[in-house]
Amino acid sequence: MSRKSTELLLAALKGKRILAISGPNFSGRSDLLRGLCRLVSDGRIYLGPEVYFALSGLTTSVRQELELHAGGALESCDCLESAEQLNLTRLFEHHPATLSGGEQTCLAVLCAIILKPKILAVDCALEQLDSHKLETSLDLLHGTTGPMSGAVITDNRLDEWTRAIPIVALADLSPDPRRHPPIPPLDPSQIDHLDPVSAPVIELQNVTAGYGRGSDVLRGVSLTLQPARVYTLQGPNGSGKSTLAKVLSGVLRPVAGQILVNNVASNLSKTPGRIAGYHLQNPDVGLFEASVRAELGCKTGSITAFAATAIRDAFGLQGFAASNPLALPFPVRKRVSLAATIARLPPWIILDEPTLGADAATIVALAHIIQGLSRKQHGVIVISHSRKLLEVLRGNELKIEDGQVRESVPA
Amino acid sequence: MTRVPPVARLATLLILIVATFINLRLQLLLAVIAALAILLATDHLLPKFLKFLAFVQLPMTVMLIAVWGWVAKAPPGMPMGSDPRGGAMFALLISLRLTVLGGAFQLIMLSIPSRLLPATLRGWGLRGEGLVVALGVFAVEPELKLRAEQILVARRARGLLGGSRWAGLKQLPRLLRPLFVWSIRSAVHRAEVWEQRAMLLRVQRLPTESLPFSPFAGAVSVTFSLLWLAVAIAFRWPGLLGTR
């Protein structure tokens, strides 16, 4: 991005507390924001989609991270109320790395705000927040006093925001040609080439699960999941959505209760990921191979190359077969990680925040891929804060709150 | 140990190191290890110490005894094959010294509460980049462990790995690529974050007011380490402290 684009952006920001930039994936939004903070780093802070890297890595508790940014004891600074609003006070003694994606985002946003930067560039970092935390974060960004002159935000959910925020199109800021070559769109029709599967009924009976003694996240959850359906799992940040996904995929063993698969009591943790494959929020922890081709499982022989190819094409990854997945841009890494989970064709597929970094067109196409999988008799559970995805899917709603799950069928 | 002030903490560690190297008696080293185990238990660090014994010290002891007692069959400075028992005893002495040092290091370093870590490191004279590096060293271990666990979870979630611990162990080489890339990416991103946020200056300003350090705890800690030093000297050079 040229200096001219940066100057245009600064001119657009003048007199505003928050300015959003709209534009599709790979149009150069991130480059513009990074450039904005790189050219004159003094007083300008960049907060990217990988929010965890925005934390210092020097502290072992949330309290210490906040104190590091505040430059003093938390009790004597004015950020305690903001921490309370973002539900961070109950997490003060937790290690920042152990927080859920949404909680890490809240912490990263608050740390950045505490510094009162002249410009805060928030690049798709708010996408993991539930609607309440998103509103609170925008309130904080808007109401921050001091030398902060404004926040520039890119977000793929801008059209879902209830708050009216001035938006400028990237095309108006960047007369330069795109830096990235065009990346193929998702192609849901490829899913029609897959063979149908036979997914079992999964039933949870009074399941309690958590991470250690006295920290149960799910408490006595009872639930029956029917195959060939799409379920959307919704709830506030840190409410246990990912924990439920871990239990269903067999990654986490419940401390109480039992799980029935086709009416037979089963210990899913003996064969994790076989009945329900689980795509984690963070794509980087789920990419292991040196090429996209190997990542999708073409080499393993456990699935047909035909299915892997169809899924590769469905996710628009034809041109990346030989690329190292970990060297690709974030939205493409996310696609590879999603495709790799689906390519093993588990009867149940659980997708945790599949829309992170995806623009509106990609979200709609992704919804169609998910519906295609359900037509092939896969059971699909989607965890997402993207209203657009949930609206297109119109799946059975699973709402999780206070360790309990309740189901509702859309009218 | 949590309330021992920084200087007393460092002095205790240094005295323990010196005393351990002076001492030549296996029985004394065993007694010190027992004392350390009790102190580690009071600070809830005994499981870590036992893990250190099982996975580091025990294999090393076996190797040392094999080399000096079975291959060389003599302690250093003696003709090979002349004294297998002496060789084994030398290996045992080295091993027990390392056990004491490992235990002392764990007791002194790992008992620092995270809230008091910056103040303690500053109390040891660390400033600027040195302080940032030291803080990073303390923070990186739990972070690496968590990241490695997340990668194993991701492999399990994709059905690439069984649920048993043995299956997890077999997959360790598979952790390396994502872990390595994560380390590099983390370093690059954080260099930018630290620069943008003037982290070097912020680390200096971490709060130090009303720290619960206890001079009495510091005095007790240093006194005990001095006692161990005196005993070590008395047995090594009996005439030096008038104990002949």
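Which helix of chain A lies across E11 and strand E12? The answer is helix H11 (residues 330–343), which runs at about 175 degrees to E11(A); axes here are lines fitted to C-alpha atoms, for helices over the stretch in contact, and angles run from 0 to 180 degrees between N-to-C directions. Please keep in mind that this is a predicted model, where local features need pLDDT of at least 70 and side-chain atom pairs count only at pLDDT 80 or more, while totals for chains, interfaces and linings use all residues. Residues are numbered from 1 along each chain as its sequence is written, and chains are lettered from A and ligands numbered from 1 in the order in which they are written.

**The sheet in chain A**
- Six strands make an open, mixed sheet, in the order E11-E12-E13-E8-E14-E15.
- Helices (H or I, at least four residues) and strands (E, at least two) are DSSP runs, numbered from the N terminus, and two strands pair if DSSP finds at least two bridges between them.
- At the edges sit E11 (276–279) and E15 (404–408) of chain A, each pairing on one side only.
- From one strand to the next, the twist averages 20 degrees.
- E8 (residues 230–234) and E13 (residues 379–383) of chain A pair in the parallel sense over four bridges, and Thr232(A) has Val382(A) as its bridge partner in E13(A).

**Around Leu134(A)**
- Leu134(A) belongs to helix H6 (residues 131–143) of chain A.
- Leu134(A) is buried because 23 other C-beta atoms lie within 10 Å; the cut-offs are 20 or more for buried, 12 or fewer for exposed, and partly exposed in between, with C-beta atoms placed from the backbone.
- Not counting residues up to four places away in sequence, Leu134(A) touches Leu126(A) and Leu129(A) (contact means C-beta atoms, placed from the backbone, within 7 Å).

**Where chains A and B meet**
- Chain B brings 40 residues to the contact and chain A brings 47.
- On the chain B side, H6(B) gives the most, with 15 residues.
- That side of chain B divides into 19 nonpolar, eight polar and 13 charged residues; Ala, Val, Leu, Ile, Met, Phe, Trp, Tyr, Cys and Pro count as nonpolar, Asp, Glu, Lys and Arg as charged, and the others, Gly among them, as polar.

**A helix pair in chain B**
- H1 (residues 6–22) and H4 (residues 84–110) of chain B pack at an angle of about 175 degrees, with their axes 10 Å apart.
- Residues making this contact include Leu13(B) of H1(B) and Val100(B) of H4(B).

Note on methods: Contact = placed C-beta atoms within 7 Å.
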